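Please look over the sequence and the model below, and then read the briefing that follows, which is grouped by topic.

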Amino acid sequence: MNYDEFIQEQIEELKRTVGDGIAINALSGGVDSSVVTVLAHRALGKNLCSFFVDNALMREGEPERVVATFERMGIPVHRVDARREFLEVLRGLTDPEEKRNAITAAFYRNVFRRLVQETGATFLLHGTILTDIEETVAGIKRQHNILEQIGIDPKKAYGYRVLEPLKTLRKNEVREVARRLGLPDAIAFRMPFPGPALAARIVGEVTEERLATVRAATAIVEEELADSGAFQYMAVLLNDRATGIRQGKREFGQIVVVRCVESTDARTATVSRLAWERLERITARITALPNVNRCLYDLTPKPPATIEYV
Ligand code: XMP
């Protein structure tokens with residue numbers, strides 16, 4: 001594939017399609033939406049409005065970090081506070097697909113529709129890639145960002161058209177495009193993080209309190225495994241409890257799973273053989289979190305497991 005040609009073609013195509021209109025773009029900070037943001041900024045300039053939707057499900061410091069990174073590149077990104085809205089739609093839901101559907105609806109039917117109306121935009125730009133489409137169509141997992149391929153017409157359903165400049169690319173190709181666009185390595189080579197964000201790492205109900213626990217555990221795991229070279233690592237909060245002892249007293253506490261996997265394209269994965277000392281250090285830090293008294297390391301490859309828990 002000729003990457004420079006691809007970049008030029010996509011910029012031209014965006015200019016042609018959007019014309020004098022306005023497009024909005026939701027930037028999550030992942031490599032896919034970051035590449036779309038830079039391509040669209042080059043193609044549309046002021047006719048692009050980029051938003052970072054703070055959905056209460058992001059990692060520690062993530063909203064500030066993403067907005068600041070793009071500001072340094074001269075691309076303005078507005079932070080939208082939709083935390084209440086997302087927590088509200090997730091309240092009481094425990095089924096994984098119901099949670100994913102609620103997040104999709106909150107994004108597309110509520111937040112994006114509102115942003116489209118406020119900005120007068122007619123297009124929403126999306127970082128969908130080929131693998132998202134393939135896995136969703138194959139019925140493996142409905143990725144949060146797939147609409148048209150499963151029969152949802154966004155124009156009819158939500159009032160705007162969706163443009164997907166990366167839909168023919170795989171992840172490694174998107175990373176190469178990111179590099180050529182001059183995106184920092186922290187973005188071009190960023191570890192995958194799911195669209196449903198920390199909601200994909202909470203089995204059972206997503207509440208503010210449970211988010212705080214998984215967010216703190218995630219920060220520990222990401223810090224301890226940053227130099228592991230693994231494909232993806234994470235903390236997951238289970239919906240079960242176990243007996244433990246804290247300060248001499250019995251505690252029926254929460255359980256956090258640490259998962260760390262090797263993969264090239266996320267379609268299959270094997271478990272990283274982490275050093276025992278590293279696992280012990282992670283366990284000590286995670287079980288120091290309030291009301292968490294067990295830490296487990298997941299030894300299951302994909303398949304039969306998936307990488308995420310939800
Ligand atoms: P699974 O859990 O299906 O995940 O083995 C495969 C890869 O995809 C990521 N993932 C998602 N990414 N939206 C995304 O953008 C989603 O809804 C989603 N679900 C899973 C996951 O982190 C892993 O890298």
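Ala266 lies in the loop between E7 and E8, where helices (H or I, at least four residues) and strands (E, at least two) are DSSP runs numbered from the N terminus. The phi angle of Ala266 is near 70 degrees, a positive value in a residue other than glycine. Ala266 counts as partly exposed, at 22% relative accessibility, given that buried means under 20% relative accessible area, exposed over 50% and partly exposed in between (1.4 Å probe, protein chains only).

This is a predicted model, in which local features need pLDDT of at least 70 and side-chain atom pairs count only at pLDDT 80 or more, while totals for chains, interfaces and linings use all residues. Residues are numbered from 1 along each chain as its sequence is written, and side-chain values use heavy atoms, with hydrogens and water left out.

**Around Lys302**

- Lys302 is placed in the segment after strand E9 (292-297), and its side chain reaches the backbone oxygen of Ala266 at 2.7 Å.
- Lys302 is buried, because its relative accessible area is 13%.
- Leaving aside residues up to four places away in sequence, Lys302 touches Glu135, Arg259, Ala266, Arg267, Thr268, Ala269 and Ile307, where contact means heavy atoms within 4.5 Å.
- The peptide bond from Lys302 to Pro303 is cis, with omega near -15 degrees, and a cis peptide bond also joins Pro303 and Pro304, with omega about 10 degrees.
- Pro303 has its place in the segment after E9, and Pro304 is found in the segment after E9 as well.

**Another positive phi angle**

- Gln247, in the loop between strand E6 (232-246) and E7, has phi near 45 degrees, which is a positive value in a residue other than glycine.
- Gln247 counts as exposed, with 78% relative accessibility.

**Salt bridges**

- The structure holds 25 salt bridges, each being a side-chain nitrogen of Lys or Arg within 4 Å of a carboxyl oxygen of Asp or Glu.
- As background, side chains of opposite charge can pair when their charged atoms come close.
- Arg267 and Glu134 meet through their side chains in a salt bridge (4.0 Å, N to O), and this pair links distant parts of the chain, with Arg267 in the loop between strand E7 (249-262) and strand E8 (270-271) and Glu134 in helix H6, 133 residues apart.
- Arg267 is partly exposed at 39% relative accessibility, and Glu134 is partly exposed too, with a relative accessible area of 31%.
- Arg267 also forms a salt bridge with Asp265, in which the closest N and O atoms are 3.0 Å apart, and Asp265 is partly exposed, with a relative accessible area of 31%.
- Salt bridges that share partners join Asp54, Glu64, Arg79, Asp81 and Arg83 into one network.
- The side chains of Arg84 and Glu208 meet in a salt bridge of 3.4 Å, N to O; Arg84 lies in helix H4 and Glu208 in helix H10 (residues 208-225), so this pair ties together parts that are 124 residues apart in sequence.
- Arg84 is exposed, having a relative accessible area of 56%.

**The two domains**

- The chain is assigned domain 1 (3-188) and domain 2 (202-297), with bounds that come from an automatic or database domain assignment.
- The centres of domain 1 and domain 2, taken over C-alpha atoms, are separated by 28 Å, and the contact takes 16 residues from domain 1 and 13 residues from domain 2.
- Between them, domain 1 and domain 2 bury about 1,200 Å², 51% of it on carbon and sulfur atoms, where buried area is the accessible area (1.4 Å probe) that two parts lose on being put together, summed over both.
- Three salt bridges are found by the rule across the interface of domain 1 and domain 2.
- Helix H4 (83-90) and helix H6 (130-137) each supply at least two residues of the side of domain 1 that touches domain 2, and the largest share of that side, three residues, comes from H4.

**Around Arg180**

- Arg180 is found in helix H8 (residues 171-180) and counts as partly exposed, at 39% relative accessibility.
- Arg180 touches Tyr3, Asp4 and Ile7, not counting residues up to four places away in sequence.
- The C-alpha atoms of Arg180 and Ile7 are separated by 8.8 Å, although the two residues are 173 residues apart along the chain.

Key:
Polar contact = N/O pair within 3.5 Å; in protein donor to acceptor, adjacent residues only side chain to side chain.
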